[in-house]
Amino acid sequence: DEQIERERASQHLPGGCCALAAIYLMGKFYVANAGDSRAIIIRNGEIIPMSREFTPETERQRLQFLALLRPELLGKEFTHLEFPRRIQPKELGKKMLYRDQNMNGWAYKKIEEDDLKFPLIFGEGKKARMMATIGVTRGLGDHDLKVFSSNIHIKPFLSCFPEVRVYDLTQYEHCPDDVLVLGTDGLWDVTNDKEVAGVVMEVLTSYEPNDPCRYTMVAQELVVRSRGVLKERGWRLANDKLGSGDDISVFVIPLGGPGNYT
């Protein structure tokens, strides 16, 4: 993240990205995630999550706590409190459900002038945004990112530190059908873990266990099915729902070789 900042200044390279990395060391897989990509292991048909997404919803309390400690980061335009919906001026003095950095559930409070500010986190699911700007809360870069038409920097709320999960390969017998799947959010937006596992098993069983291209074909099939087919109303999946409009990158990494096949 610091290197990206240096290159931004010296080479005028703006922008940023999420990061998902898998490293194999001494019999263990270390999976590090900063952003909204996802990794899962499929072992004997079982799905084992190896990451979680970092979004304004999943990191709400961390973001609210930072805003409470450093209110100057909000630029007098945002409130760190969350409400079920936008507060209207006519609701001043009335009671409304809210939650802060210490709360999982909701409670009532009397609406004050500061509560009329735009909430730090607004929206649900993929539409959730921090400061009405960005939908991810960890990643690399984005040092220049500001709230639209303002001088409020968003970078202080974006963490470059990943969450790391460890998988010990030596504890299990793995066959050629056991894999680690890494995918950007373009895949997971329209395809859930169970559907990905289904595609993995479907494609792998159509190839010989010692055929190395079988894993590439799984990755290709996951990309194709998540993108869909271009029709008059845009990209559509087999069920006629919208296909992924985001970039889709997929890696399928075998955990066992032909020698382990039983």
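Modeller: Let's start where strand β4 (residues 38-43) and strand β14 (residues 179-183) run antiparallel, joined by 5 bridges. Strands here are DSSP runs of E with at least two residues, helices are runs of H or I with at least four residues, and both are numbered from the N terminus. Two strands pair if DSSP finds at least two bridges between them. Within this pair, I40 stands opposite V181 in β14. This is a predicted model, in which local features need pLDDT of at least 70 and side-chain atom pairs count only at pLDDT 80 or more, while totals for chains, interfaces and linings use all residues. Residues are numbered from 1 along each chain as its sequence is written, and side-chain values use heavy atoms, with hydrogens and water left out.

Now step back to the whole sheet. It is open and has 4 strands, in the order β5-β4-β14-β17, with antiparallel pairing. At the edges are β5 (46-49) and β17 (250-254), each of which pairs on one side only. On average, neighbouring strands of this sheet are turned by 20° against each other, direction ignored. For such angles, axes are lines fitted to C-alpha atoms (for helices over the stretch in contact), and the angles run from 0 to 180 degrees between N-to-C directions.

Two helices come next. Helix α4 lies across β4, β5 and β14 and runs at about 50° to β4. Helix α5 also packs on the sheet, where α5 touches β14 and β17, and its direction makes about 150° with that of β17. Contact means heavy atoms within 4.5 Å.

Leaving aside residues up to four places away in sequence, D193 touches R38, I40, I47 and W188. With R38, the D193 side chain makes a polar contact, side chain to side chain, at 2.6 Å. A polar contact is a pair of N or O atoms within 3.5 Å; within protein, one must be able to donate a hydrogen and the other to accept it, and residues adjacent in sequence count only if both atoms are side-chain atoms.

The helices meet each other as well. The axes of α4 (residues 193-204) and α5 (residues 213-227) come within 9 Å and cross at roughly 135°. That angle makes α4 oblique to α5; angles under 35 degrees count as roughly parallel, over 145 as roughly antiparallel, 65 to 115 as roughly perpendicular and the rest as oblique. From α4, V196, V199, V200, E202, V203 and L204 meet R214, Y215, M217, V218, E221, L222 and R225 of α5. By class, this contact has 9 nonpolar, no polar and 4 charged residues. Here Ala, Val, Leu, Ile, Met, Phe, Trp, Tyr, Cys and Pro count as nonpolar, Asp, Glu, Lys and Arg as charged, and the others, Gly among them, as polar.
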